[in-house]
Amino acid sequence: MSEGDSVGDSVHGKPSVVYRFFTRLGQIYQSWLDKSTPYTAVRWVVTLGLSFIYMIRVYLLQGWYIVTYALGIYHLNLFIAFLSPKVDPSLMEDSDDGPSLPTKQNEEFRPFIRRLPEFKFWHAATKGILVAMVCTFFEAFNVPVFWPILVMYFVMLFCITMKRQIKHMIKYRYIPFTHGKRTYKGKEDVGKTFAS
C-alpha cells in the first residue's frame, strides 16, 4: 500500500486537514449527544420546540406539504418501532430459539425491550425535523399538492397502523410503557434468626 491510500491520508501519510476537521466535528457532536443522554425531558422539549418552529415555518410559507407529509410518515414509522418489542412474539410462537414475552401467568417475567430505544427514537426524530427544515429552504421540494388530501390520508394511515399495533399488544400481552421498577412481595420476615 503506498502513501496516501488509506482514508483521510494526505500525500505525506498524515491525515488531511479536512479529514481531521470532520473527525473533530464528529467527536464534538458525539460528546454533546453523550452529555444529553440523561436529560430525557429536556431533549424531548427541544424536539417539540423544533417541531413547533417547523410547523410555524410551513404555515407562514404556505408550502412544502409533501415534505411535512414525509416527515409525518417517518415519525409514525419511528413511533411504531418504539412501541414494538425487539423480538416479535408472533414470530417466536412456534420456535424456541430465543427469548419471548410471557403470555401466561406462570411464565417468567421478562422486561420489555424495544426495537427502537428511546434515545435512538429521539435522535432520529430530531434529525428528521432538521432535515425537513432544511428542505423548506429549497424551492425544488415545494411540490404543489392539495394538502387536505394528505392530511386525511395521514390520519387514516395513523388510525389503521395504531389499530394494528394495539391489537398486536393485546394479543401478545405486552405494554411498552413502564413506570418505575416493578417490586414483588416476598415472604414476611418473622424477625427470628438462627445462631449456630
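# Close-up views of the predicted model

**View 1. The cysteines Cys-135 and Cys-159.** Cys-135 is buried, with a relative accessible area of 14%. Cys-159 is partly exposed, at 46%. Here, buried means under 20% relative accessible area, exposed means over 50%, and partly exposed lies in between (1.4 Å probe, protein chains only). Areas are computed by the Shrake-Rupley method with a 1.4 Å probe, and for residues only the protein chains shown count as cover. A search of the whole structure finds 0 disulfides; a disulfide is a pair of cysteine sulfur atoms within 2.5 Å.

This is a predicted model: local features need pLDDT of at least 70, side-chain atom pairs count only at pLDDT 80 or more, and totals for chains, interfaces and linings use all residues. Residues are numbered from 1 along each chain as its sequence is written, and side-chain values use heavy atoms, with hydrogens and water left out.

**View 2. The whole chain.** The protein chain has 6 helices and 0 strands. From the N terminus, its elements run α-α-α-α-α-α. Helices (H or I, at least four residues) and strands (E, at least two) are DSSP runs, numbered from the N terminus. Of the 196 residues, 26% count as buried.

**View 3. The annotated transmembrane regions.** An unreviewed UniProt entry annotates residues 41-60, 66-83 and 145-162 as "transmembrane region". UniProt positions follow the numbering used here, feature names are shortened, and annotations may be inferred rather than shown by experiment. Residues 41-60 are 100% helix and 0% strand, and their end C-alpha atoms lie 28 Å apart. For residues 145-162, the end C-alpha atoms are 26 Å apart. That span is 89% helix and 0% strand.

**View 4. The salt bridge of Arg-43 and Glu-118.** The whole structure holds 1 salt bridge. Arg-43 pairs with Glu-118, and their closest N and O atoms are 3.1 Å apart. Arg-43 lies in helix α2 (residues 40-61) and Glu-118 in helix α5 (residues 118-135), so the pair ties together parts that are 75 residues apart in sequence. The term means a side-chain nitrogen of Lys or Arg within 4 Å of a carboxyl oxygen of Asp or Glu. Arg-43 is buried at 3%. Glu-118 is partly exposed at 23%.

**View 5. The loop between α2 and α3.** Gln-62 sits in this loop. Its phi is positive, about 55°, although Gln-62 is not a glycine. Trp-64 also lies in the loop between α2 and α3. The phi of Trp-64 is positive too, near 60°. Gln-62 is partly exposed at 49%, whereas Trp-64 is buried at 6%.

View 6. Ser-84 lies in the loop between α3 (65-83) and α4 (89-92). At 5% relative accessibility, Ser-84 is buried. Its side chain reaches the backbone oxygen of Ile-80 at 2.7 Å.

**View 7. A nonpolar patch that includes Met-156.** Phe-146, Ile-149, Met-152, Tyr-153, Met-156 and Ile-160 make a nonpolar surface patch of about 670 Å². Patches use residues with over 30% relative accessible area and no salt bridge; like charges are joined within 9 Å, and nonpolar side chains (Val, Leu, Ile, Met, Phe, Trp, Tyr) within 5 Å. Met-156 lies in helix α6 (residues 147-172) and is partly exposed at 43%.

**View 8. Tyr-69 and Tyr-153.** Tyr-69 is found in helix α3 and is buried at 18%. Tyr-69 and Tyr-153 are 84 residues apart in sequence. In space, their C-alpha atoms are 9.5 Å apart.

Technical notes: Polar contact = N/O pair within 3.5 Å; in protein donor to acceptor, adjacent residues only side chain to side chain.
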